[in-house]
Amino acid sequence: MPEPQRSVLREWRRKFGGADTESIDPHITLISGGYLKSWAQAAARVREVAQESSRFTVRLAAARSFQPASDVVYLPLAAGAERCWALHEALLAGPLRHESKFDYHPHLTIAQNVAEADLAAAYTALQGVDLRFEVHSVQLFDTRNGAWNFCEQITLGR
């Protein structure tokens, strides 16, 4: 996430999302979960997919909620969702293949695991959102020990 959007999103996540969002930078998840082989094979697949991809624009729009399925308030992608979907599908074709209990839905989480009043406040306050930025790279994170550990930034394209 580039600046100044990163700082704006961090502030919204801090204000509405509480401690659970504090240690994780604003992001749009392309794939989560485990990998079937080794970390090296999984990282190689991400590099390969990134190299075959090109830069694109994301536009985040007014807050939405996954309720009642999940107590989450998020910003949907009004532009760029199809590119995130394509990256997601390409990443799943290989050592990153796994099943998830939720269907993939490109978004940026603002608040989760917080009181209903905080979810409602986030939803109401963020109805006028229109943030745009260029996606130039993807990042790899490892979540051993429950923490998000940055491993590598990979530029899109050749």
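Phe 141 lies in strand E6 (residues 137–142). Helices (H or I, at least four residues) and strands (E, at least two) are DSSP runs, numbered from the N terminus. This is a predicted model, in which local features need pLDDT of at least 70 and side-chain atom pairs count only at pLDDT 80 or more, while totals for chains, interfaces and linings use all residues. Residues are numbered from 1 along each chain as its sequence is written, and side-chain values use heavy atoms, with hydrogens and water left out.

Strand E3 (residues 72–79) is mostly covered, with six of its eight residues buried. Buried means under 20% relative accessible area, exposed over 50%, and partly exposed in between (1.4 Å probe, protein chains only).

| Partner of E3 | Sense | Bridges |
|---|---|---|
| E1 (residues 56–60) | antiparallel | two |
| E2 (residues 64–65) | antiparallel | two |
| E4 (residues 107–112) | antiparallel | five |

Arg 59 has Ala 79 in E3 as its bridge partner. Ser 65 stands opposite Val 73 in E3, and six residues separate E2 and E3 in a hairpin. Towards E4, Leu 75 is bridged to Leu 108.

Phe 141 is partly exposed, at a relative accessible area of 30%.

The structure holds zero disulfides, a disulfide being a pair of cysteine sulfur atoms within 2.5 Å. Cys 84 counts as buried at 2% relative accessibility, whereas Cys 151 is partly exposed, with a relative accessible area of 37%.

Technical notes. Two strands pair if DSSP finds at least two bridges between them.
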